[in-house]
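This report describes a structure chain by chain and helix by helix. The sequence and coordinates come first.

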Amino acid sequence: MSKKLRVATTSLAGCFGCHMSFLDIDERLLALLDLVEFDRSPINDIKHCGPCDIGIIEGGVCNAENVHVLHEFRKNCKILIAIGACAINGGLPAQRNHLDLGSCLTEVYLTEPGLAHGHIPNDPELPLPLDKVHPLHEVVKIDYFIPGCPPSGDAIWKFLTDLIAGKTPELGHGLIKYD
Amino acid sequence: MLPDNDTQFDASGQAWLDQLTARHRNDASRLLQILREMQERFGHIPQDAISRLAERLGIPRARIESVASFYSFLHLKPQGEYRVLFSDNITDRMLGNQALLEQMCQLLWLQPGKVSEDGLVSINTTSCTGMCDQGPALLINGRAITRLSHQRVQEIAQLIRNRTPMSDWPADFFHVGDNIRRGGLLLDNKLAYGEVLHTALAAGAQSIIDTVKASGLRGRGGAGFPTGLKWESCRKAQGSDHYVVCNADEGEPGTFKDRVLLTRQADLVFEGMTLCALAVGAKQGFLYLRGEYRYLLEPLRAVLQRRRDSNLLGESILGKSGFDFDIDIHLGAGAYICGEESALIESLEGKRGVPRNRPPFPVTHGYMQQPTAVDNVETFCQAALAVQMGADKYRAIGTEKSSGSKLISVSGDCAYPGIYEYPFGVSIREILQDCGAVNTRAVQVSGPSGVCVPESEFGRKLGFEDLPTAGAFMVFDDSRDLFEVARNFVHFFAHESCGFCTPCRVGTSMLKQTMDKIANGHGTQYDLNEVENLDRVLQTSSHCGLGRTACNPVLHTLKHFRPAYENKLKSLMFSPAFDLDGSLARARQMTGRDDAGAHLKETE
C-alpha cells in the first residue's frame, strides 16, 4: 500500500461547526484513517503543523494569530482547502466589518460595565485583532473551496475521497445547498 | 421650495398620493411610474406612504419595497434636499470629474455617499448619464447639468447653500447640446409629419413588413436582429392585444444618440412606432425613456399631443377606421439592465427589471404576456425611412449585410465629440480622422459590453459583418491607461448587475475586487489567472447578456494591453489582498502596543 497522506486541520475565526460536520462522516472516519494520518488537528492536539499533503481550514482571518497559523499551513501544505462560509466569505465574524474596530473595543471594554476593569487588554500574549475580518483567499492562495454552513459530512467525505483518489473533487446534486 | 427631508407624510401628502394613484387607475402595473412621482415630490419614498400605496394598489408592502430598492434613483431613506449624482463614466473621469466631486464635497462639508448633517445635500456617483460629449456631467434631483468646471461647481455649491429653488438656477446650466457633427440619411431627412404614414397606409400592413424585410434593416440597439422578421413574427403571434415598445433606455456608457434623436427627430421616432403598430396590429405603444433623460419628458409629451391633434395618433389615424394607436411614455429610474428588452418589459409592468427567461421571446410573450415588438429608437427612425424610400434604395446604402446608416456617439480624446452619421461600412480610422482624434491608442466600440479596438485594427469597419455597434465610440489617446478604462467598466457592471443570478451578482463583484487589488499594487500573476477564470464562469453561466459581456473589457484589454496589467503586479506568486501590518494599526493604537507580536509580515 502506498504511503498515507498527511492531513492537517484547524479552525481560525470559526465556530468549529465545520469540524463537527467533518465528524459527521461517522464510521467512515475509520475508512479515512486507512488512507490518511493526521498532523495538527483538534483530533490529536498537535500544536504546530509539519509538512502535509492536505490542509483544511475553517473560519476567516480576524487577528494576527490567524495570519500566523494560515501562513504556517500554506507553507507546509501542498493543497490548502477553505471549508465553510467563514473561510470563504468571512461569514458571521465579518459582520463587524462595517464597524470601526476602535469603537468595537471601546464599546466592549470601556463603555459596558464589568469587563477588563476599564481598559482595553494589551497583553502581548493576546493576538491583536485586524481592522477587518477577511476570507482566507485574501491572505494566502487557496486551492479548493468547500462551500456550506457547514458543508454536510457527506459533502466533506465526497470531497476528500475524490481528492485522495487523485480526482478533481466534484460536489454533485444535493451536496451543495444554497439556503 | 424643494421638499424638505422632514416632510411628514401628512394629510396633504396622503390626498396627493390618493390623487396620484387614482390618475394611474390604482393599477399595480403603474407602480414604478407612481414611485417615480413620489420620489420627485417627497425626495424619497416615505414609509407611511408605502403603507397607503399598498392599500390603494392592493399589493403587499414588500412588493413596493422590492421595486423601490431595485432602482438607483428611488430612495427608501431620506436623502438630501439636493441630491447630486456625478456621472462616473470613463469619459467623465478623463475630463476630471473626481476632482470636481471632491471640490463640491469640500465646499458643502460632506463625504461622498453621505447626506449632510443638516439634510441639505447628498453627493454620490451614478453610471453614465449619456452626456459624454459634453461632460463632466451630473444630475441634481434628476436634472442633468453638463460641462462642469471648477467655476460651475462653485456656483452650484453656492446655489445649494442658499437653498435656491432649482427653477431659479441659470438656464444655461441645464443646456444640453446636440453636437451633430455629420448628418446623413436620418439626421438630414426633411420628411413632413405624417408623410411616411400616408405612404404606409396606402401600401397596407403586409407591404410595410415586406418592405422592411427587403430593406435588410437590422436592429440598431446592437444585437442586429432583422427588424422585418421581428415585426412579421409579432404580427403572426396570437394574442388578445399587440404592443409596440420603443427602447429609449440608452444606458450603455458612451452612447447618447437616442437622446439626440428624441430631441431632434421625435416625430420620426413616433412615426416609426405608429408604422410598426400598423404592421403588427397594435393599439398601444410605450416609449421607455431612461430616467437620466427626465428633462425630455415634457417636450416629448407635447410632440405626442401635437400628433394626436393632427390625427397622427389616437383613433382612426389619418381617417382610416380601425387604425387606433396611442403612445404612453414610461420613465426608468436608473437601471442599466432595463435596456435588455425582457427586463424593460418587466419594468414597464411596474416590477424589478430582472431579465426573463428567453424563449419565449417578447414577439410572442412580451408586455402582459402579449405579442410585443420592442425596437431601439434609431431602428424606428430607420424603418420609417426605409418605408418612405423603398427597399431597393435603402438597401443600396451601407454594406451587403448592414444596410442603411448608423449614428455614432463619439466621445473621449478627440477635438469634436458628438453625433456622426455614416453609412455602415465606415472604418474606425475614418471616424477618428473626422472627429479630430490624434495619437489614438484604442477605441471602445459599442460601450463596455462591446469591443476594445487597438491601433493595429483601426482599419476594421463598423457593420454586422465585422464590428456590430449600438453606437458608442469612446476614444482613448496614448496618455490613457487601458487598465483603468477596463477597471471603470468592471465597476460599472458590478454596480448594474440586477442580482438575480449568482454567477453575475457574485462574479462581477469578484472581478471588481480583483481589479481593485491589482490597482492597489497587491496583484500577482495568480490574480490575472483568476480574472480569466472568472471571465469563463461569467460567460458560460450568466442568466443574461450583462454577465456574459461583463468580462469583455478585461478580456480585450488583457489581450491587447497586457503590459498595462503586468506593470502593476508584484512579482510574487501570491500576495494578500490588503496590507496585513496596516490592518493591525487601529488595534495597536487602541492598546498602545508596539511589540513584535503587534506587527505582521506579509509572508512568513
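## Terms and basis

The expected span of a helix is 1.5 Å times one less than its number of residues. Helices (H or I, at least four residues) and strands (E, at least two) are DSSP runs numbered from the N terminus.

This is a predicted model, in which local features need pLDDT of at least 70, side-chain atom pairs count only at pLDDT 80 or more, and totals for chains, interfaces and linings use all residues. Residues are numbered from 1 along each chain as its sequence is written, while chains are lettered from A and ligands numbered from 1 in the order in which they are written.

## Helix α7 of chain B

Helix α7 of chain B covers residues 150-161; its 12 residues should span 16 Å at 1.5 Å a residue, and its end C-alpha atoms are 16 Å apart, which agrees. A residue is buried if 20 or more other C-beta atoms lie within 10 Å of its own, exposed if 12 or fewer, and partly exposed in between, with C-beta atoms placed from the backbone. The buried residues in α7(B) are B:V153, B:I156, B:A157 and B:I160. They lie on the same side of α7(B), because they cover an arc of only 100° around the axis. That arc is taken over the directions from the helix axis to the C-beta atoms.

B:Q151 and B:Q158 are exposed on the face of α7(B) turned away from its buried side. The buried residues pack against β1 (82-87), α6 (97-108) and β2 (121-126) of chain B. Just after α7(B), B:R163 has a positive phi of about 55°.

## Helix α13 of chain B

Helix α13 of chain B (residues 297-309) has 13 residues, and the distance from its first C-alpha to its last is 18 Å, close to the 18 Å expected at 1.5 Å a residue. B:L300, B:L304 and B:R307 are buried in α13(B). Their arc around the axis is only 60°, which puts them on the same side of α13(B).

The other side of α13(B) carries the exposed residues B:E298, B:P299, B:A302, B:Q305 and B:D309. Among the elements that cover the buried residues of α13(B) are α11 (257-264), α12 and β8 (326-331) of chain B. B:N311, which follows α13(B), has a positive phi near 65°.

## Packing of α9 and α12 in chain B

Helices α9 (residues 205-215) and α12 (residues 266-280) of chain B pack at an angle of about 115°, with their axes 7 Å apart. Axes are lines fitted to C-alpha atoms, for helices over the stretch in contact, and angles run from 0 to 180 degrees between N-to-C directions.

Two residues are in contact if their C-beta atoms, placed from the backbone, lie within 7 Å. From α9(B), B:A205, B:I208 and B:I209 meet B:L275, B:L278 and B:A279 of α12(B). This contact has 6 nonpolar, no polar and no charged residues. Ala, Val, Leu, Ile, Met, Phe, Trp, Tyr, Cys and Pro count as nonpolar, Asp, Glu, Lys and Arg as charged, and the others, Gly among them, as polar.

Chain A has 6 helices and 7 strands, in the sequence order β-α-α-β-β-β-α-β-α-α-β-β-α. Of its 179 residues, 39% count as buried.

Between the chains, 20 residues of chain A are in contact with 21 residues of chain B. On the side of chain A that touches chain B, α3 (64-76), α5 (101-111) and β6 (129-134) of chain A each supply at least two residues. The largest share, 5 residues, comes from β6(A). By class, the residues of this side of chain A are 11 nonpolar, 4 polar and 5 charged.
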